[in-house]
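Please keep the structure open beside the text as you read.

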Amino acid sequence: MESLIHLYKKTYGSSPESVEDIASSGSNRRYYRLNGNPTVIGVVGPNKSENEAFVYLAQHFSQALLPVPEILAVAEDGMVYLQTDLGNDTLYNAIEKGRQTKSFSAEEKELLVKTIRLLPDIQFKGAVGLDFSHCFPAAEFDVRSIMWDLNYFKYCFLKAVGLEFDERKLEDDFQAMAEVLMRSQSSTFMYRDFQSRNIMLKDNSPWFIDFQGGRKGPLYYDVASFLWQAKAGFPQSLRDELIGEYITALRKYKPVDEEYFREQLRHFVLFRTLQVLGAYGFRGYFEKKPHFMQSVPYALDNLRELLNDDFAEYPYLSSLLRQLVNMSQFTDTGKRTLTVRVMSFAYKKGIPNDPTGNGGGFVFDCRAINNPGKYDRYKPFNGLDEKVISFLEEDGEITTFLEHCHALVDAAVERYIERGFTSLMIAYGCTGGQHRSVYSAQHTAEHIAKKFNCKVILNHREQNIEQVFSGRRK
């Protein structure tokens, strides 16, 4: 933090007026908004090589007039840097209603079309004059990097869930997959993590971030990443429409055999899904981060859909994956009639909209409770961290508050279940959506899931964290 303030002062001649922590999903990098004249985003990255890759790529893409943040200053040691502030609006949040209801509005579709039409520009214009040796951790998508990701899936997911397999047969199919994927190699830029959380909306136009893992690689990977993002919830009809939009934009740069394109894309979708499951397994099973485990069912839904058609090239892998999606720990044993959506939010960013359109439920104001955010030592933490939890529970104020909230909520949930209602929303707001509201929403979601037989979706809006609870069994 101090190094960021020092860099800001060195660059602009004065210290920032305030510093605001920005949630960063699964990344080890920390992001801050340094408010002042100007207001900028500061990044603290623990890996110097990764920082250098992002800075190089951002500067290169800016020169190519691609919509990416401008690098404003870099510390001498390369561990912190400043970039332009693109605001708080992500594509992921902008399509929230569609993600929740599986029915995307015309406005949401327009944003998705705008985004995927820009992808060929990044892949082709971004590659012109690009020195791929600056990419991290690899310069290009090759057999070695494919096997890294497939073994990541094998050891961090298959092993973790306890599924037995024949190592030799699995490696044979992994090698076959590598051969299929490598027949699509090209000299274009592969973004690698092209998905809606990494797309900011500024003046209703897409801007792109978090491309530091990019490298030389095939076109298909980014299309698979975007359209089969685990939590995006795109129906196949919308995917087909967006693939058509991408192919149209791609034809500005090269001729396309659409039938071949769609067939080859399937293999990259399978590969990307396995890579994502490996990442979820590592973050969830090994790093014990629960919101990654909550993402696993979404990725497995994509996998089930893919397996509806055979992958004749990988017979053993296909058989193994069918066993995986049918494991008892991943199968839904009963559809929940009621879905309760619990959210934490910052009042200064507005009360959340109900994505179902029902408009019912509760909004509880946590601002009367003693605020940990007043104290510097709690500012880096949120309501899920032990230090903040201890502070809030010490005087019992928040416990009493939640007892009253839960009395109202319990009565409503019970009646909603009795009457066959399908949706209830509960929101907790505080000043910054970081401490009191996060604590309250987390405890309420866990309370409802433990007490009632319903599905609970928890969304800490300002922290960009989402969890799903299946509820108790009858």
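1. Let us begin with a helix pair. Phe153, Phe157, Leu158 and Val161 of H6 meet Leu320, Leu321 and Leu324 of H13, where contact means heavy atoms within 4.5 Å. By class, this contact of H6 with H13 holds 7 nonpolar residues, no polar and no charged ones. (Ala, Val, Leu, Ile, Met, Phe, Trp, Tyr, Cys and Pro count as nonpolar, Asp, Glu, Lys and Arg as charged, and the others, Gly among them, as polar.)

2. A word on the ground rules. This is a predicted model, in which local features need pLDDT of at least 70 and side-chain atom pairs count only at pLDDT 80 or more, while totals for chains, interfaces and linings use all residues. Residues are numbered from 1 along each chain as its sequence is written, and side-chain values use heavy atoms, with hydrogens and water left out. Helices (H or I, at least four residues) and strands (E, at least two) are DSSP runs, numbered from the N terminus.

3. How do H6 and H13 lie against each other? Helix H6 (residues 143–161) and helix H13 (residues 315–325) pack at an angle of about 45 degrees, and their axes are 11 Å apart. Axes are lines fitted to C-alpha atoms, for helices over the stretch in contact, and angles run from 0 to 180 degrees between N-to-C directions. The angle makes H6 oblique to H13; under 35 degrees would count as roughly parallel, over 145 as roughly antiparallel, 65 to 115 as roughly perpendicular, and the rest is oblique. The crossing of H6 and H13 is left-handed, a term used if the near helix is turned anticlockwise from the far one by less than a right angle, with clockwise being right-handed.

4. H6 also meets helix H7 (residues 167–182): the two axes come within 10 Å and cross at roughly 140 degrees. H6 and H7 are therefore oblique to each other, and H6 passes H7 in a right-handed crossing. Among the residues that make the contact are Ile146, Leu150 and Phe153 of H6, with Leu170, Phe174 and Met177 of H7. The contact of H6 with H7 has 13 nonpolar, 1 polar and 3 charged residues.

5. Which way do E11 and E12 run? E11 and strand E12 (residues 423–430) run parallel and are joined by 4 bridges. The bridge partner of Asp365 in E12 is Gly429.

6. Helix H15 (residues 397–418) and helix H16 (residues 436–451) pack at about 45 degrees, with axes 11 Å apart. That makes H15 oblique to H16, and their crossing is right-handed. The contact includes Phe401 and His406 of H15, and Tyr439 and His443 of H16. By class, the contact of H15 with H16 has 6 nonpolar, 5 polar and 3 charged residues.

7. There is an antiparallel sheet too: 5 strands form an open sheet in the order E1-E2-E3-E5-E4. Strand E1 (18–22) and strand E4 (71–74) are the edge strands, each pairing on one side only. E4 and strand E5 (residues 80–84) run antiparallel and are joined by 3 bridges, with Ile71 standing opposite Gln83 in E5. Helix H2 (residues 48–63) lies across E4 and E5, running at about 145 degrees to E4.

Key:
Pairing = 2+ DSSP bridges.
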